[in-house]
Number of protein chains: 2
Amino acid sequence: MLPIGSFNPDSESPLYRQLYTQVRDLIESGSIARGARLPATRELAGQLGLNRTTVSAAYELLESEGLITGHVGRGSFVADVPAAGGGIEWRELLGPAAPVSPAAPTSTPVAGFSSSRPSEHLFPMEEFRSTCAEVIQSAEAQTILQLGSPSGYPPLRRYLLDLARAEGLARDSDDILITSGCQQAFDLLQRTLVRKGETVLIEDPVYLGVKNAFERGGARLIGVPVGANGIDIEALERMVARERPRLLSITSNFQNPTGATIPMASRQALLRITQAAGVIVVENDIYGALVYEGEAIAPIKKLDASGDTVLLRSFSKLAFPGLRVGWVIGPRALIASLTEAKLWSDLHTDQLSQAVLLRFAESGRLEHHRQRMLQAGRERLHAVLSACEKYLPREAKYTRPRGGMSLWVTLPEPLDAGELLARAEREGVTYLPGKYFSVSRPQPNSLRISFAGMTPDRIRSGIEILGRIFEDELARVRSHSTLADTPAMV
Amino acid sequence: MLPIGSFNPDSESPLYRQLYTQVRDLIESGSIARGARLPATRELAGQLGLNRTTVSAAYELLESEGLITGHVGRGSFVADVPAAGGGIEWRELLGPAAPVSPAAPTSTPVAGFSSSRPSEHLFPMEEFRSTCAEVIQSAEAQTILQLGSPSGYPPLRRYLLDLARAEGLARDSDDILITSGCQQAFDLLQRTLVRKGETVLIEDPVYLGVKNAFERGGARLIGVPVGANGIDIEALERMVARERPRLLSITSNFQNPTGATIPMASRQALLRITQAAGVIVVENDIYGALVYEGEAIAPIKKLDASGDTVLLRSFSKLAFPGLRVGWVIGPRALIASLTEAKLWSDLHTDQLSQAVLLRFAESGRLEHHRQRMLQAGRERLHAVLSACEKYLPREAKYTRPRGGMSLWVTLPEPLDAGELLARAEREGVTYLPGKYFSVSRPQPNSLRISFAGMTPDRIRSGIEILGRIFEDELARVRSHSTLADTPAMV
């Protein structure tokens with residue numbers, strides 16, 4: 001039996017990381033021999049009273065660092081050679097290995113609110129199969145498999161650009177680049193437009209991928225507060241005047257993580273402010289097609305008479321996230337520069353997926369699928385909002401999006417969503433605490449609930465568990481503070 | 001009729017760019033009205049005595065800059081709005097639009113020697129279709145379409161890593177990352193290992209994609225000469241001592257553009273030199289599976305007892321270049337850092353293509369296809385070498401690879417392969433002149449012949465035409481210099 005000590009449920013560090021640290025120390029100190037077999041995840045979970053997914057996450061982290069190796073059907077073993085074998089001091093050169101994101105538990109028995117993606121159970125598999133069959137049987141199949149263009153698969157570019165022109169989203173002065181998803185669009189924009197040290201305004205809170213894409217390029221990031229009504233226009237105006245940014249990255253609809261949509265008046269104000277100051281607007285609109293209730297608001301790109309706004313869209317929230325296809329629409333000179341950056345980044349976007357998604361869209365199957373996604377999304381949105389109403393502490397606040405995939409919960413202080421996560425995970429519920437989205441305003445009492453991947457039943461059960469955990473904690477801290485406020489008996 | 005002036009066939013600038021410049025000037029000066037229809041490519045080619053592909057290339061460049069717009073079935077028109085419409089001075093901000101590579105003619109009537117890629121006529125379409133059908137019908141299809149891991153599709157990672165271990169190419173201290181082709185592997189290595197201004201040794205001549213990947217990251221590039229016997233080991237030793245590079249990028253087999261393979265003794269010497277100096281070796285081995293004659297030599301990664309060598313491989317030269325899947329094998333700490341860089345570059349590599357290529361490999365179809373590729377490659381290599389022997393000027397030198405896709409021709413001085421390209425294009429033959437591959441040693445009299453995409457007949461016809469052009473030019477310059485050497489009659 002492994003000599004594992006006790007855990008601190010109130011620590012900043014989640015349980016799986018606490019377990020990881022203990023096992024790592026045992027390996028590095030030699031307390032567990034090289035080559036020794038570790039207990040199975042189920043066995044160790046039982047011994048320690050932990051959820052099995054917590055143990056799996058710790059083992060995955062150990063394996064990713066080369067400290068243990070897994071063999072299917074045989075179990076996990078302590079690696080019998082040091083992780084770095086040679087003359088290059090890799091660890092010293094590269095710095096400490098950082099886990100790239102919170103390790104996702106391999107399964108979530110009750111409800112996984114931590115990933116903003118569609119449920120694979122909603123994938124229209126038969127329609128996908130027919131689409132694929134049509135593409136691979138077509139006369140173009142040979143061309144699709146041959147080396148392609150950095151700009152994208154020409155028929156897909158034409159289809160998307162024509163569509164954008166018909167919707168008033170692309171002008172004659174605009175062009176299009178197909179990217180390997182929206183993440184790559186951010187990366188190429190950063191490389192092309194932002195020199196080291198230049199200022200970029202991003203939303204605060206914001207999706208980690210947007211923040212990291214700009215931060216890795218050496219940009220100076222300033223967060224503009226986002227609330228239930230979208231970006232704070234007064235703050236934006238002040239920051240534009242004071243910080244002289246090169247670029248503003250903004251999500252017009254159902255922002256990740258808040259779920260907020262920018263009202264029409266704010267969109268117009270945003271355009272006035274940025275245009276007067278010569279700030280480039282990058283409009284991230286990957287959730288815009290997922291309006292469950294009410295009417296869609298015109299994208300900023302459409303309202304922008306100057307044509308300078310850069311619009312990002314993607315198939316990955318609507319259709320199949322495993323196929324990495326997004327696109328950028330913007331002024332021709334910018335698209336030419338982005339295309340050059342794309343060429344030297346990865347030559348071009350995978351062409352099989354481009355052709356399959358084109359066929360999926362052209363055949364009308366995408367729109368058919370979207371209608372089913374909207375129906376499911378409506379039910380899930382309704383479920384999450386009623387469950388929040390019913391189960392969250394009365395003092396909790398949460399956004400009420402009309403579409404998209406996430407909403408933002410703010411717990412009464414001094415509750416800390418990061419600290420409470422370990423407890424939620426033990427009960428089979430996950431979410432992402434506010435700290436993963438913060439730019440400069442820490443919101444330790446906030447969390448993101450991504451509801452789109454869960455059935456209404458799971459949503460209700462998950463929010464009920466969270467509500468109970470939050471209520472318990474609230475009662476606990478209140479009883480403490482009540483005691484603390486009581487004068488000592490003398 | 002357009003008022004187009006005469007062309008300079010001896011100019012540095014290829015014909016299509018000369019035509020582009022003339023039409024652009026006519027548009028910008030207002031000599032051709034906005035909205036006016038341009039002559040069809042066939043018509044203008046006839047008028048000017050140019051090849052139609054030259055006119056198409058010029059029109060494509062004009063269109064990419066927004067000066068003209070094409071409408072299928074209606075022709076090309078001068079754009080009726082300025083390319084940049086708004087308040088942002090895009091051209092000023094981004095600098096002049098650079099064509100990302102020499103514009104590829106849309107068709108090559110005789111022989112296109114300019115692209116190092118397999119012929120699409122060799123793609124095993126029926127086997128590809130069966131593979132796809134198996135993947136999309138499988139129980140994993142839903143998982144494949146869902147968001148994946150930045151490390152790559154787990155079953156593909158496992159398959160490739162197990163294979164590499166079995167071949168002695170990966171140690172226990174190694175790990176693997178799936179990339180969107182080898183180009184992305186270079187981009188991630190540059191981002192992870194090379195800080196601005198640090199020195200990187202690359203081959204000279206070298207494939208433009210390698211040079212650009214490092215150059216865009218701000219590396220200081222030093223070219224190590226590559227000849228018919230691969231990298232010049234003595235020069236490498238001097239440069240390592242003098243320049244203190246962080247990294248050496250090297251192609252062990254059938255280097256692009258020279259076709260050179262590094263002999264075993266040089267591989268061992270290279271390892272001794274780099275290890276003594278702590279230089280990271282990145283071994284690009286994308287052509288290594290294409291040995292048409294003789295035996296393969298062990299990769300540097302296999303010879304490296306330290307385990308520090310970083311190995312890049314890809315499916316794209318062997319199977320389907322339109323599916324963007326390559327991989328990096330290297331020390332675990334490095335792979336962890338590269339994976340983080342990958343995550344914020346594009347989340348993960350397209351999963352449909354990863355799954356299809358895994359199935360293609362696992363089912364034995366890849367090896368079956370490789371055997372046919374080797375047979376075709378052998379015939380093509382034989383054809384190109386005998387045609388060079390027969391048709392090129394006696395004084396020309398060329399490499400004699402035993403595999404891969406390219407060879408390197410060095411013409412007698414003062415012939416300039418860049419200047420002669422326009423003449424070759426007029427006769428329906430293309431190639432890439434040496435200047436596209438130069439790091440610091442201009443080789444204006446060299447050119448790359450990529451033979452793998454052409455049938456033996458086309459190869460012979462193409463080399464025959466090139467031979468005649470080169471002989472003619474040689475005769476012309478010799479008759480000139482003979483005159484020049486004659487004393488003036490007085």
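Helices here (H or I, at least four residues) and strands (E, at least two) are DSSP runs, numbered from the N terminus. One such element is helix H15 of chain B, residues 365-391, and B:Lys390 is found in it. This is a predicted model, in which local features need pLDDT of at least 70 and side-chain atom pairs count only at pLDDT 80 or more, while totals for chains, interfaces and linings use all residues. Residues are numbered from 1 along each chain as its sequence is written, and chains are lettered from A and ligands numbered from 1 in the order in which they are written.

Let's stay with B:Lys390 for a moment. A residue is buried if 20 or more other C-beta atoms lie within 10 Å of its own, exposed if 12 or fewer, and partly exposed in between, with C-beta atoms placed from the backbone. B:Lys390 has 11 C-beta neighbours inside 10 Å, so it counts as exposed. Its C-alpha atom is 8.6 Å from that of B:Gly467, a residue 77 places apart from it along the chain.

Now over to chain A and its domains, whose bounds come from an automatic or database domain assignment. That assignment gives domain 1 (15-84), domain 2 (111-121 + 367-482) and domain 3 (125-363). Taken over C-alpha atoms, the centres of domain 2 and domain 3 of chain A are separated by 27 Å. Their contact (two residues are in contact if their C-beta atoms, placed from the backbone, lie within 7 Å) takes 28 residues from domain 2 of chain A and 31 from domain 3 of chain A. On the domain 2 side, helix H15 (365-391) and strand E13 (406-410) of chain A are the elements that give two or more residues, and H15(A) has the largest share, with seven. By type, that side divides into eleven nonpolar, eleven polar and six charged residues; Ala, Val, Leu, Ile, Met, Phe, Trp, Tyr, Cys and Pro count as nonpolar, Asp, Glu, Lys and Arg as charged, and the others, Gly among them, as polar.

Next, the sheet of chain A. Strands of a sheet pair through backbone hydrogen bonds, either parallel or antiparallel. For the pairing used here, DSSP has to find at least two bridges between two strands. Eight strands of chain A form an open sheet in the order E4-E11-E10-E9-E8-E5-E6-E7, with mixed pairing. Strand E4 (174-179) and strand E7 (230-231) of chain A are its edge strands, each pairing on one side only. Further in, strand E5 (199-204) and strand E8 (247-251) of chain A run parallel and are joined by two bridges, with A:Leu247 as the bridge partner of A:Val200. Helix H10 (233-243) of chain A packs on the sheet, where it touches E5, strand E6 (220-227) and E7 of chain A, and its direction makes about 165° with that of E6(A). Helix H7 (154-166) of chain A lies across E4 and strand E11 (326-331) of chain A, running at about 130° to E4(A). Those angles run from 0 to 180 degrees between N-to-C directions, with axes that are lines fitted to C-alpha atoms, for helices over the stretch in contact.

Two loop residues of chain A have backbone angles to check. Most residues other than glycine have a negative phi, and most peptide bonds are trans. A:Arg244, in the loop between H10 and E8 of chain A, has a positive phi near 45°. A:Phe254 has a positive phi too, near 50°, and lies in the loop between E8 and helix H11 (264-277) of chain A. Their surroundings are another matter: A:Arg244 counts as exposed, with 12 C-beta neighbours inside 10 Å, whereas A:Phe254 is buried, with 27 other C-beta atoms within 10 Å.

In chain B, look for two cis peptide bonds. One runs from B:Asp204 to B:Pro205, with omega near 5°, and B:Pro205 is in the loop between E5 and helix H9 (208-216) of chain B. Another runs from B:Glu413 to B:Pro414, also with omega near 5°, and B:Pro414 lies in the loop between strand E13 (406-410) and helix H16 (417-426) of chain B.

Finally, the two chains together. 74 residues of chain A are in contact with 74 residues of chain B. H13(A) gives the most to the chain A side, with eleven residues, and that side divides into 33 nonpolar, 27 polar and 14 charged residues.
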